[in-house]
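Subject: Handing over the two-chain model

Dear colleague,

I am passing this structure on to you, with some notes on what was found in it. Please have it open while you read.

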Amino acid sequence: MSVDLLAAVVTAMTLAATPLLLAAIGEVVTEKAGVLNLGVEGMMLIGAVVAFAATSLSGSASVGILSAALAGAAMALLFAVLALTLLANQVATGLALTILGIGLSALIGKPFVGTPLPRLPQLSIPGLSDLPFVGPVLFGHDALVYFSVAAVFGLWWFLEKTRWGLILRAVGESHDSAHAIGYPVIAIRYGATVFGGALAGIAGAYLSLAYTPMWAENMTAGRGWIALALVVFATWRPFRTLAGAYIFGGVTIAQLHLQGHGFDVPSQFLSMLPYLATVLVLALISRDATRIRLNTPACLGQPFKPAQ
Amino acid sequence: MLRLEARREPSQAMVFGAPLIAVGLTLLAGSLLFGALGHDPVTALRVFFVEPISTANGLAELCLKATPLALCAIGLAIGFRAGVWNIGAEGQLVVGAIAGGGVALLFPQGGSAGLVGLAALAGAAGGLAWAAIPAWLRTRFNANEILTSLMLTYVAGLLLQYLVIGPWKDPMGFNFPQSRTFHRDTMLPILLEGSRLNLGAPIALLAILAGWLLLSRSLLGFQVRVVGLAPAAGVYAGFAPKSIVWFTLLLSGALAGLAGAFEVVGPIGQLLPSISPGYGFTAIIVAFLGRLHPIGILIASLLVALTYLGGEAGQILLRLPIAATGVFQGLLLFFLLACDFLIRYRIRIGGRHREAAP
């Protein structure tokens, strides 16, 4: 494999991995606080359509990304009101969020189907971006790629090194103890859920502004659910999330390349690969029940109602 | 000022009242949405919810659309009661359609009117087999059935696309991605002359009755409910949690598969790249709206079927995007989940707390 081709493959992998990584990082924060929000797919779709619409109308990708973050956060807030304040079943509420997101994004996106938009620009660093191989692989990406990797380091630092990270984890591990010590469990969970929604929104923005700069109904194609699987795969740890996202990005790119090279297998079977890989990986990682139990936030998905 | 107050007992009235309030709120939000889209809300609501069922044929179409919803929802509800979250009914429905349609394609010349029964059985078996995968992964590898059943839905959709573009494509079909049309012997008999209402609807009704008997009159149904409400108690009582996972997933898979077969040997009459407007997902809403109870599901399936008909009417008469249907369905589930709060809490307006008074 020539160096140029390898660089192209790594770049394509980054493109496919970034939306998964952004959404999964957000969900790690949400789940670490003990909230299971299964509505990632819906929040990503809303993020994608809002980013596309806002960028088209304003002409600025920054406005688009910011709007997508706000829209994702708003969807997550809706989830939080139902699941945290009104104590609705979190699984059902997450599904509702996805169903609503699919319908609402299609409705908002109707006027934008088939309109073109320039791709999110690559940042180039004079000198470094022109280096062979290292240039395109490390210094030839758009801002959101760097943001997603920085978010991984930021999350690790936050969870492991800060007092607030410790409090967040305490809320997810034992809401009763955290409440007894005097931490505002519900408020912290609101914060974590809304943060997860904002990142899911940005993940959606990446799809409609960079991965394929266009809007199409249901364009996430299950990536929100794959991001949820990634969180389990990564056992709620930031750096494993990074590794997982790039492995899944690799699978996606591999099947696209095989399709492109006229590989003698019907394209539908190749398109199945990312979904089958997710199932396979989930089965392999979940097999070790003890490890999953040790790593899962103990209060994940459980409602908390302070004693009156 | 509004105040929330915990009820001592869950309100029975609200168990039935919450879905009605949710429907009311959905209609209200819907009219605001129509207003925002520049339509007269009253006209839009009439087009959406009244006109589709103002004729006999409209009512027949309503029952036709309610059939797959009810079949999927009854199976899902039994699983949800046991805490088994099969959300891949759409995939099981698609595989059922492939299996049922495959049988129909085997007999292009027909032969006997009983062949449709064979197609329906094949459909149920296909859905059952597809649901067996998440059941196996959950019981053997502890893998979350929500994610695996959903991933398999995408796989099923791609499999159907492959078949109608590849080996099962109609050779006389001008290269369109579709199968041959099925012979009359392999299709469900029409019940009402001049409509599309077929034998599937009464079979769905039977499934609802069977679901009710299972849940309220059988030991298995009792086990399902106990495992869902208190898993530890279920284990203590000697109920095998793994068997419940297998039973609920296979049952809901078989019913979804049957629904898929009924669609292709019913109103569609051939295999197409897409054979369902998301019935398997919408059935989740139907199951919750019907309170996970068979009778409730019967009513809910008719109501949600109306959103499909209304969406089609709105698209034709008002040029509304078809996505309006999805928005309605999503809002309905949201309001329902919110209103369920009223079962355990009441809203008091003004005044101080009773206990606080001297």
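How many of the 20 residues of helix 4 of chain A are buried? Helix 4 of chain A is mostly covered, with 19 of its 20 residues buried, where a residue is buried if 20 or more other C-beta atoms lie within 10 Å of its own, exposed if 12 or fewer, and partly exposed in between, with C-beta atoms placed from the backbone.

Before going on, please note that this is a predicted model, in which local features need pLDDT of at least 70 and side-chain atom pairs count only at pLDDT 80 or more, while totals for chains, interfaces and linings use all residues. Residues are numbered from 1 along each chain as its sequence is written, and chains are lettered from A and ligands numbered from 1 in the order in which they are written.

The mean pLDDT (the predictor's confidence in each residue, from 0 to 100) of chain B is 88, and 97% of its residues reach 70 or more. Within chain B, confidence is lowest in strand 1, at a mean of 71, and highest in helix 4, at 96; helices (H or I, at least four residues) and strands (E, at least two) are DSSP runs, numbered from the N terminus. For the complex, the predictor gives an ipTM of 0.88 and a pTM of 0.89.

Where the chains meet, 38 residues of chain A are in contact with 38 residues of chain B, contact meaning that the C-beta atoms of two residues, placed from the backbone, lie within 7 Å. Helix 4 of chain A gives the most to the side of chain A that touches chain B, with 12 residues.

In chain B, 16 of the 18 residues of helix 4 are buried, so this helix is largely enclosed by the rest of the structure.

Helix 2 and helix 12 of chain B pack at an angle of about 125°, with their axes 7 Å apart; axes are lines fitted to C-alpha atoms, for helices over the stretch in contact, and angles run from 0 to 180 degrees between N-to-C directions. The two helices are therefore oblique to each other, since angles under 35 degrees count as roughly parallel, over 145 as roughly antiparallel, 65 to 115 as roughly perpendicular and the rest as oblique.

Finally, phi of A:Asn218 is near 55°, a positive value in a residue other than glycine, and A:Asn218 counts as exposed, with 12 C-beta neighbours inside 10 Å.

With best wishes
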